Amino acid sequence: TLLHSQEPQLYVRIGDGESCEGTSEELTADEGQMRVGYDFSPLYNPLGVSVPDRGLGSSKSLRMSICGAMTPENTACGKQDDIWCFEEVNLNGSCIAGIARWEQSETTGSKIQYDAMFSSQSISRDSFVGVRVSVLDYTQSNISCPNERSVVNYDIVCAADTNWTHMGFTQNITECHWNVTLRSQHGCVEWIAVDDATSVNRTISGGSVFLIIFVIAICSYCLLGVAYNSFYHGRELVDAVPNKTSWLLCARYTRAGCETSRDVLCCKAAASAYESV
């Protein structure tokens, strides 16, 4: 399985933030212009999941959650306001170190990023492997890291036959890097053709369609009417406008109606204003 035998050849950013769901920006794929829709939120477990302690030694293990923090009562390093998603604990459950919080914050600089993984240098359905969820945490608890940052990568390999199957993990204590690999159907994504993704935005409402048709009809009526009156009746300029008298009367009545409405709603009309009526 890829990620055990070799690293993916290409990582492409498809999103960020705490929500664990969304749609990427437009990507140039082998199949054309595409967007990637993703939703990892079903993987969230507020109780946390223990990572097998192979490689950690017999006295400690890791506890983690994806797409949200473990609840304070289920995290050894947590307090009421803590939001740990990755911690190192003793086998008796006591805290060794809080490694990463599920948080994206401009204040602390912490980030959560989502990258699609591909087995080749091209973006395509065939080369898609899964998604890497990266938590870059600048808030340290009993841990000291280069650049004051710990990095936890959850590599979720697309596997339609399982909800969650743990594959393994690696760690680099010196660099404060942890990589957890698992197989899940939620690591699979939806490929959306750009035309399909934007079809909703391109849909025109019924009122807009009517307005467009109305404007086109009026313009066509005036142009054809002017042409007819010019060629067949020899009229020129304003006289060539079809039904000129009716249009002038319509404009006058419209103005009179507006002025009357103004006088009724806003102002008290002078007695002489209607003497001619």
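I started at Cys20, which I found in the loop between E1 and E2. Strands (E, at least two residues) and helices (H or I, at least four) are DSSP runs, numbered from the N terminus. Before going on, I noted that this is a predicted model, where local features need pLDDT of at least 70, side-chain atom pairs count only at pLDDT 80 or more, and totals for chains, interfaces and linings use all residues. Residues are numbered from 1 along each chain as its sequence is written, and side-chain values use heavy atoms, with hydrogens and water left out.

Back to Cys20: its phi is near 70 degrees, a positive value in a residue other than glycine. At 0% relative accessibility, I logged Cys20 as buried (buried is under 20% relative accessible area, exposed over 50%, partly exposed in between, with a 1.4 Å probe and protein chains only).

**Disulfides**

Which residue forms a disulfide with Cys20? I found Cys67, with the two sulfur atoms 1.9 Å apart. My rule for a disulfide was a pair of cysteine sulfur atoms within 2.5 Å. The torsion about the S-S bond of Cys20 and Cys67 is about -80 degrees, so I wrote this disulfide down as left-handed. The pair links distant parts of the chain, 47 residues apart: Cys20 sits between strand E1 (10–16) and strand E2 (21–23), and Cys67 is in the loop between strand E6 (60–64) and strand E7 (84–90). Cys67 also has a positive phi of about 70 degrees, although it is not a glycine. Its relative accessibility is 11%, so Cys67 counts as buried.

How many disulfides does the rule give? I got three. A reminder to myself: a disulfide is a covalent bond between the sulfur atoms of two cysteines.

Next I looked at Cys77 and Cys95, whose sulfur atoms are 1.9 Å apart in a disulfide. This link is right-handed, with 95 degrees about the S-S bond. It joins distant parts of the chain, 18 residues apart: Cys77 lies in the loop between E6 and E7, and Cys95 in strand E8 (residues 95–101). Cys77 is buried, at 10% relative accessible area, whereas Cys95 is partly exposed, at 27%.

Then came Cys158 and Cys188, a disulfide with sulfur atoms 1.9 Å apart. Its S-S torsion is about 95 degrees, so I marked it right-handed. Cys158 in strand E11 (residues 150–158) is 30 residues apart from Cys188, which lies in the loop between strand E13 (177–184) and E14. Cys158 is partly exposed, at 29% relative accessible area, and Cys188 is partly exposed too, at 24%.

I also checked Cys219, and it is partly exposed at 41% relative accessibility.

**Aromatic rings**

I paired rings of Phe, Tyr and Trp (its six-membered ring) if their centres lie within 6.5 Å, calling planes under 30 degrees apart stacked, over 60 edge-to-face and the rest tilted. The count came to nine aromatic pairs. One is Phe128 with Trp191: the centres are 6.1 Å apart and the planes at 90 degrees, so the pair is edge-to-face. Phe128 is in strand E10 (residues 128–137) and Trp191 in strand E14 (residues 190–193), so the pair ties together parts 63 residues apart in sequence. Both came up buried: Phe128 at 13% relative accessibility and Trp191 at 14%.

I also found Tyr38, Phe40 and Tyr114 linked into a cluster by ring pairs.

Where does the charged end of Arg101 sit? It is over the ring of Trp84, 4.3 Å from the ring centre (the rule asks for NZ of Lys or CZ of Arg within 6 Å of the ring centre and within 35 degrees of the ring normal).
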